[in-house]
Amino acid sequence: MLIALTQLLFCQLMGEVIARAFDLAIPGPVIGMSLLLVALLYRQSIPEHLETTAEGILSHLSLLFVPAGVGVVAHLTVLGNEWQAIIGSLIGSTVITVLVTGWVLQRLHRGASHES
Amino acid sequence: MNPDFGEVWVYLSASPLTALTTTLVAYLMGDWIYQKSGKMPILNPVLIAVIVITIGLTVTGIDYWTYFEGAQFVHFLLGPATVALAIPVARLLRTMRSGFGTLAVALVLGSATAAISAVFIAELLQASEQTVLSLAPKSVTTPIAMGIAERIGGLPSLTAVCVIMTGIIGAMLGPYVLNLARITSWDARGFAMGVAAHGIGTARAIQINQEAGAFASLAIGLNGLATATLIPILYSLWQWWGGS
């Protein structure tokens with residue numbers, strides 16, 4: 001658990017360093033994730049301690065968004081007098097995106113499995 | 001031996017302990033309600049926790065920043081948790097032998113749909129140009145979205161708010177939309193949640209099904225890259241269109 005957590009933090013730290021050194025628009029944790037992914041694919045196996053720790057953290061991923069969510073409510077004033085347009089756009093666009101992405105992928109996969 | 005309650009309160013309201021405990025208790029309440037409802041996506045635990053805490057802060061008069069000073073310990077874990085997404089993705093990529101092309105098609109179409117539909121609807125509802133631009137990157141993870149907004153002339157703080165709202169909306173409505181459209185395969189459901197609703201959608205997918213969670217995790221990283229590339233291109237096309 002402690003080793004796995006250290007490895008995760010180390011990857012994040014490396015990611016932050018790379019993001020800042022090269023002035024990248026990609027956030028440090030995302031680069032850290034790519035680094036770990038490359039390492040895991042290179043090793044061709046996932047160490048058990050890393051797998052259990054990751055599962056532990058990720059099963060409560062929703063919880064980690066709560067402080068940011070409270071922040072949104074505290075900053076709702078940035079929506080100003082355009083809040084109807086913003087919320088309308090967010091709901092409409094999110095529904096359409098889920099629909100298009102899911103539909104395209106399911107369609108293409110079905111097509112592929114019919115061929116083979 | 002009779003401590004002044006006011007003094008105790010001053011200590012507690014400023015201590016990280018209170019904010020941390022409150023965050024966990026509120027989330028457990030949200031999760032309890034969600035489980036009791038038979039896992040109805042509309043009763044999203046994050047949303048319930050946020051409402052409970054906001055009411056708490058309003059009633060006690062504690063401002064957000066005092067709360068966040070304590071809650072930042074939970075917030076901080078988003079970093080290592082993002083790195084940990086490499087594990088489900090690695091597991092997925094090791095078993096996946098084909099289908100990379102179809103994923104790429106779904107990714108590009110999904111990423112473009114997210115940006116174009118957000119802009120189109122906001123224009124239709126007569127939002128200002130700055131607001132429209134702030135909405136375009138709302139489907140990717142917050143730091144990437146804020147960076148894109150800044151580059152095209154949106155308001156990064158407005159984008160941050162829109163990103164979180166998108167995540168919660170996606171987690172709440174996404175499963176219903178997928179059911180209505182009869183999208184049943186776990187890979188398509190997970191990938192759609194990851195593309196449309198980044199981390200919050202992925203968090204939901206991980207708790208529902210392992211395969212869906214892995215595809216959603218893959219989608220967050222890929223969509224961050226796709227959107228950061230696509231939006232500046234779409235933006236210059238839009239400028240050119242509007243300018244001519």
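**Entry 1: the model.** I am working from a predicted model.

**Entry 2: chain A against chain B.** I looked up the contact between the two chains and found 91 residues from chain B and 67 residues from chain A. I then asked which element of chain B gives the most to the side that touches chain A. Helix H11 of chain B, residues 186-208, does, with 16 residues. I sorted the side of chain B that touches chain A by class and noted 59 nonpolar, 27 polar and five charged residues.

**Entry 3: the two H4 helices.** The crossing of H4(A) with H4(B) is left-handed. From H4(A), I wrote down A:Val66, A:Pro67, A:Ala68, A:Val70, A:Gly71 and A:Ala74 as the residues making the contact. H4(B) brings B:Tyr64, B:Tyr67, B:Phe68, B:Ala71, B:Gln72, B:Val74 and B:His75.

**Entry 4: domains of chain B.** I found chain B divided into domain 1 (5-76) and domain 2 (83-243). Their C-alpha centres lie 27 Å apart. The contact between these domains takes five residues from domain 1 of chain B and six residues from domain 2 of chain B. On the domain 1 side of that contact, I noted four nonpolar residues, one polar and no charged.

Notes:
Residues numbered from 1 in each chain as written. Chains lettered and ligands numbered in written order. Predicted model: local features only at pLDDT ≥ 70, side-chain atom pairs only at ≥ 80, totals over all residues. Contact = placed C-beta atoms within 7 Å. Helix = DSSP H or I, 4+ residues; strand = E, 2+ residues; numbered from the N terminus. Nonpolar A, V, L, I, M, F, W, Y, C, P; charged D, E, K, R; others polar. Left-handed = near helix turned anticlockwise from the far one by under 90°. Domains from an automatic or database assignment.
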